[in-house]
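Have a go at each task before reading its solution.

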Amino acid sequence: MSEKQGKHIAIYGKGGIGKSTTTSNISAALAEAGYRVIQVGCDPKSDSTTILRGGNDLPTVLDTLREQSKVKIEDISAIGFGGVLCIEAGGPVPGVGCAGRGINAAVELLQELKLFEEYKPDFVLYDVLGDVVCGGFAVPIRDGIADRAFVVTSSDFMAIFAANNLFKAINKYAPSGGARLGGVIANSIQAPYAKSLIDDFATKTGTSVVGYVPRSFTVAQSELYGKTVIEAVPASEQAQVYRDLARFIDENEDSVIPKPLNAPELKKWARLWGDRIFEVEAGVVHDMESI
Amino acid sequence: MAHHIDGSRNSCALHGALQVIGAIEGAIPVLHSTAGCGAQHFLGVNRLDAGGETFGAPPVSSSNISEKHVVFGGGSRLREQLKNTIKVVEGELYVMVTGCSTEMVGDDIPAMAKEGREQDFPVIYANTPGFRGDVHQGYQLAIKALIEQLPALGKAVEAPSKGVVNIWGIVPHQDPFWSGNLEELGRLLKGIGLEPNLLFGYGQGVPSWQKLPDAHLNIVVSVWGDGTAKLLEERYGTPLLAVEGLPVGAAAARLLRAVSDRLALDQQRTELFIQSEEKRLHTSLGALADTYYRAGFQREFALIGESAQVVGVSEFLTGTLGLVPRTLVITDNPPEYAREALSTLLKGLVHGDRTELYFSEDHAEITDLVFLGAAELVLGSALEKSVALELGVPFLQISFPVADRVVLNRCYAGYRGAATLLEDLGSEILAHSYR
Amino acid sequence: MKRTLGNFSLDGLRVYLGLSSATAFGVRDLVRELGGEVVGITVNRLDELHKGRLEELARQSAEMQIHVGDGQPFEEINIIKRLSPDLYLGDAAHLGQIGRLGIPVISLEETPLLGYNGVIRLAQRFSTALQNRSFGAALALTPLPYHEAWLQRSPNWHIKKEVK
C-alpha cells in the first residue's frame, strides 16, 4: 500500500449500542471543522451512514461487486452532510454466506480503487460491528488499515463484554503493526452508576474514557429526521459533546495496547458491580464509596 | 507440537470422498468448492494413477466458487451446478461434496440435496472439507453419507440375497491396487460359499450399496473401515470382523477360517478351498526356489506403506518368503490406539534382529530412515525411488503414489496377490542383478 | 575383519559346501575361521592339483564326507539329508531342492567372495539365512522329486547295483 492518506480510525461497539450514531456525529463534527472525511460502514446491516445522507439509498460495495465486474468509486459512495464521503461495505443476507469475508473484500476493493489517494481525506472512520465474531471483523484493525481504534460502550454488561473482546483482538494484532486503542467512548450515560462502572472497566483494562455521551432525546429526534445532531440541532449541548469528542480524536494521538480481562476476571468484576448496583438501589451507604 | 510435513502422501478428506464416489459405477460427484480442489485431486491422485480410474479420469463437476459466493453464500451457484450436472453427465446417483471454503461459509448443502430429491433427482451429499482430516477421513465421511442417505432415495431393492458380506477398509487409489485387491478378497470369499459385496470397482454400482444392509458380516481389513462397520452394527445390527491387515498369502487362510467360523459355514468346504489355494501358491514357491537362492532373495528389506499393507506384505515377506524386516514405515497416520495395536501385532508377526517400526508421513524423514537402515531391498511408493537408487538396491512400488506403473487389476492381496508380489519383487531383484 | 563382523560367528554350526574344487577348499578355511565345521563337500571334479589338499583334509577329519559328482543332485540330496547340516553354501543348480530339506541355503553366485567386502557380504547372508527359515518351511510343503526309498538308501547304492 502506498503512503497512507489521513488518519484512519476504527470505531467498534456492540450492535445497537449507538456506535453508528456516535461515528456519524463525529464525522459530521470533523466535517464541520473543515476536514475531508470518509466514513466506511463495516456492518452487514449497512446503515452506518444513513443519518449523514438524509436516509437516501446507497448501494453497498458488496452488492455492487456482485452485480458488476468493474466498480467505480461513484457507484459505491454518496456525499453526505458537510461533504462526508459515505460508503457502506454491506454484506450477505443474515444466515447466508460470510459477512466477515465481505468486510475483507470491501476494504480490499477500496484500496484497489485507490480511494484514499484520489480523495485525499484527513480522516477515514470505519464503523465496525463490534462483536469481532471472526477474523473478518478484525480487518480494520490489522496492519495497514486503521491506526487507532475506539470502542463505544454503554454500562450494560454485554456491551462491556463486547468491548473486552475487542481489546483481545487489539492485543493480538497491535504487536504486529495493527491498530492500538485510542480509548473508550461511554455512550447512553443515564444511570447514576454508569460513569463509574465504565471508568472502573477502563482502569482495570489499562485504558481510559475519552468522552461521555449522555442519553438524549435530541439524538433520537434527529435520527427520526434522518440527520445527525450536528446537522439537525447544531446549537444543542449534545452537539457540543460530539464536537468535543471529534476534537479529542483530532488533537490527541495517544494510544495504548489494552489489557483485556480473562473470563473469570470479567465474571468476578461484573458480580462486584452487580452487588454495588443492588446496594445503590437499596440505599445501602458505605463510607468512602465513590458512587 | 505443530510441524510441517514434507511431501505428504495423504491428500485431504475431499479427495478421499471423490475417490469413494469415483469408484462406484453410476455415482457422479458434484464438487462444491473453489476451482483448485478438483485440480489438486487430478494432479495429486488421478494423474499418478495410470490405469487406476475405473471409468477413466472421472468428470468432476465443480461449482468453482469465487469470492462473491463466499461472501453471499454459494447456494445458488451449487443449485445451478447440480442441475446442469444432472443434465450433462449420465449417472444414477449425484453426490455433492464440499471443500473447505463452502463449509466455512456454511452453505446449506443438506437443504440443496433435499431440494434435488423433491424434484426426483437422486441427490445426496457429504460434508468433506479438507480441514476435517486426510484422505482416510474422507473415505469414511463419504461412506457414512452413502449409508445414511441412500435409503432416503427409496428405490426398491430385490429380495435379499443369501450370504452377503461387505468388505471395508481399502481406500480406492490410496491403495493403488484397491480394485484387484478387492476382487481377490471377493474371489476367496466366494470360494467358501459367500456372496462378497465389494462396493467399489468393476460392476459395483448403486445396487451394491443398496444391498449392504442385507450383509451377514462386515469384514474390516484396515483401521479405516472400523467406523463404517461400527455404524452398520448400530444401524442394522450386522456383526463385524476385523482382521489384522490386508491378508497376503497364508494370512488369507486365517481370514477365511475366521469368517467361516463366525458364519458357521461348511468347515470342510472352507478347508478344501484353503488347501487348493495354498497348494497352488506353494507350487509357485517351488518353481521359484532355485532362482530365489541363486539370486539371493533372502535379504533385509525396507517397507513403506499404509498400515494394512505393511502388516500384510511384511507378514508374507517374512513369514513365507524368508526375508528379514529392517525398516518398516507406516504412513497412513493411524489413530493413537491403533498405533499401539499395530506395534504389538507387528512384533508378533515379523521377526528380525534389527527390525525398526516407524510412523511417519514425512517424505524427508522417511528417506532418512530408509537410508540409515540401509536395507538391501526397498518396497514403497514412487517417493522412495530416489533413496533406493541411492542405496543401490532393488526397488518395488507398492504404495501410493505409484507413478510409473500401469495398474489395472493387479493385486497384492490374497493368494494371487502373493504370487504377483513374488513375480514383481523377484523381477526387480533379477533386473537389478543383471544390471 | 573380526571387528566389522561384530558378534557374528558360525560357532557350533555344521556346514555343507557345494562348490568347485578350487573354491571349496578356500571357503572351508573361511568357515572354520568363523567357528563353523564343514561336514561335507560336493565338488564337480578332482584332479592332481587338488590331491594334496584332499589328503590333508582326510587327515584332519576322517568323518568329513567328500562327494565328487557333476550334475548328480540326487546323490547330493541323499547325502545332505543324511548329514542334516545347519547351513548349505554353494552354487549348485538345484539349490531349491536343498532348501526343501529345510536347510538354510546361501548361493555364492550373487555373493562374490573376493576380498574383504566379499566376506562382509557373506556374513550378512549367513545372518539372514539363519535368522529366517520360513521359505524353506514353505518349500518343504511340496515334495522332493525323489522316491522316499532312494533317500533312505546309501548314495552309492545305484552304482553297486550296476557293477553287479
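**Exercise 1.** Find which residues D290(B) is in contact with, leaving aside its neighbours within four places in sequence.

*Solution.* Start by placing the residue: D290(B) sits in helix α12 (residues 267–294) of chain B, where helices (H or I, at least four residues) and strands (E, at least two) are DSSP runs numbered from the N terminus. Next, list its partners: A93(C), H94(C), L95(C) and G96(C). Contact here is called when C-beta atoms, placed from the backbone, lie within 7 Å. Finally, look along the chain: V165(B) is 125 residues away from D290(B), and their C-alpha atoms are 40 Å apart.

A quick word on the ground rules: this is a predicted model, with local features needing pLDDT of at least 70 and side-chain atom pairs counting only at pLDDT 80 or more, while totals for chains, interfaces and linings use all residues. Residues are numbered from 1 along each chain as its sequence is written, with chains lettered from A and ligands numbered from 1 in the order in which they are written.

**Exercise 2.** Work out which chains touch, and what chain C brings to its contact with chain B.

*Solution.* Chains A and C don't touch, their nearest C-alpha atoms being 58 Å apart. Now zoom in on B and C: the contact takes 24 residues from chain B and 22 from chain C. On the chain C side, α5 (95–100), β5 (105–107), α6 (115–131) and α7 (134–139) each supply at least two residues. By class, that side has 10 polar, 8 nonpolar and 4 charged residues (nonpolar is Ala, Val, Leu, Ile, Met, Phe, Trp, Tyr, Cys and Pro; charged is Asp, Glu, Lys and Arg; the others, Gly among them, are polar).

Then turn to A and B, where the contact takes 10 residues from chain A and 9 from chain B. Helices α2 (61–67) and α4 (99–112) of chain A each give at least two residues to the side of chain A that touches chain B.

**Exercise 3.** Trace the strand order of the 5-stranded open sheet in chain B, then say what packs on it.

*Solution.* Walk across the sheet: the order is β11-β10-β9-β12-β13, with parallel pairing (two strands pair if DSSP finds at least two bridges between them). The edges are β11 (356–359) and β13 (395–397) of chain B, each pairing on one side only. From one strand to the next, the twist averages 10°. For a close-up, take β10 (residues 324–330) of chain B, joined to β11(B) by 4 bridges; I330(B) stands opposite F359(B) there.

Helix α13 (residues 307–319) of chain B touches β9 (300–305), β10 and β12 (378–380), its direction making about 160° with that of β9(B). Helix α15 (residues 363–373) of chain B lies across β9, β10, β11 and β12, at about 170° to β10(B). These angles run from 0 to 180 degrees between N-to-C directions, with axes fitted to C-alpha atoms, for helices over the stretch in contact.

**Exercise 4.** Which residues does V313(B) touch, not counting those up to four places away in sequence?

*Solution.* The list is V248(B), L303(B), G305(B), L379(B), I398(B), Y412(B) and L421(B).

Technical notes:
Two residues are in contact if their C-beta atoms, placed from the backbone, lie within 7 Å.
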